[in-house]
Amino acid sequence: MQQQDLTREWVMTATRLLSSDEFSACFSAPMRNVTATAEAVVDVWSYVETIALPLGRATEILDVTSVYRDAAGRFDQVLIGTDISNLFLAVVVNRADRNIRGHHLLDLAEKYGVSRN
């Protein structure tokens with residue numbers, strides 16, 4: 001995903017850890033992988049840099065691995081790798097309001113039985 005200049009201002013909000021229910025409310029199937037075409041509507045990294053570590057078992061935040069958009073086009077889930085295999089920091093971006101709703105620690109091994117490798 002390429003970094004682009006943001007044409008409209010957005011307001012940085014305090015970090016907010018979303019519960020599983022809050023995270024699920026930002027999901028409408030089918031989720032589409034828009035990694036190749038997604039355009040930044042907010043500065044995700046300014047938000048991520050304010051998240052205190054460790055975050056669960058993760059002690060290091062890596063790079064964006066993928067971006068998924070819900071079927072309604074309301075939210076982007078920016079998945080950022082961590083130092084734990086298949087454990088991602090998911091930053092939820094509200095596309096219409098141009099703000100970050102919060103973040104969630106998405107553990108694919110726990111949620112879907114994906115291997116940790």
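User: What share of the accessible surface of the protein chain belongs to carbon and sulfur atoms?

Analyst: This is a predicted model, and each value here is computed from it. The accessible surface of the protein chain comes to about 6800 Å² in total. Of that area, the part that belongs to carbon and sulfur atoms is 49%.

User: In what order do the helices and strands follow each other from the N terminus on?

Analyst: The secondary structure of the chain comes to three helices and five strands. Read from the N terminus on, these elements run α-β-α-β-β-β-β-α.

User: Which strands stand at the edges of the sheet, and why is one side of each left without a neighbour?

Analyst: The five strands form an open sheet in the order S1-S2-S3-S4-S5, with antiparallel pairing. Each edge strand has a single partner strand, so one side of it is left without a neighbour in the sheet, and these edge strands are S1 (32-33) and S5 (99-107).

User: Which residue in S2 does Arg 32 stand opposite?

Analyst: S1 and S2 run antiparallel and are joined by two bridges. Across this pairing, the residue in S2 that stands opposite Arg 32 is Arg 69.

User: Which residues lie nearest the centre of the largest pocket?

Analyst: The largest pocket holds about 280 Å³ of space, and its lining has nine nonpolar, four polar and one charged residues. Helix H1 (20-24), strand S2 (61-69), strand S3 (75-82) and helix H3 (108-112) each supply at least two residues of that lining. Of the 14 lining residues, those nearest the centre are Phe 23, Phe 27, Gln 77, Leu 106 and Tyr 112.

How values were computed:
Residues are numbered from 1 along each chain as its sequence is written. This is a predicted model: local features need pLDDT of at least 70, side-chain atom pairs count only at pLDDT 80 or more; totals for chains, interfaces and linings use all residues. Side-chain values use heavy atoms; hydrogens and water are left out. On a 1 Å grid over the protein atoms alone, a cavity is a set of points where a 1.4 Å probe fits but cannot get out, and a pocket is an open set with protein on both sides within 12 Å along at least five of seven lines; lining residues have an atom within 4 Å of a point. Grid points are joined across faces, edges and corners, and a volume is the space filled by probe spheres set on the points. Helices (H or I, at least four residues) and strands (E, at least two) are DSSP runs, numbered from the N terminus. Ala, Val, Leu, Ile, Met, Phe, Trp, Tyr, Cys and Pro count as nonpolar, Asp, Glu, Lys and Arg as charged, and the others, Gly among them, as polar. Two strands pair if DSSP finds at least two bridges between them. Accessible areas come from the Shrake-Rupley method with a 1.4 Å probe; for residues, only the protein chains shown count as cover.
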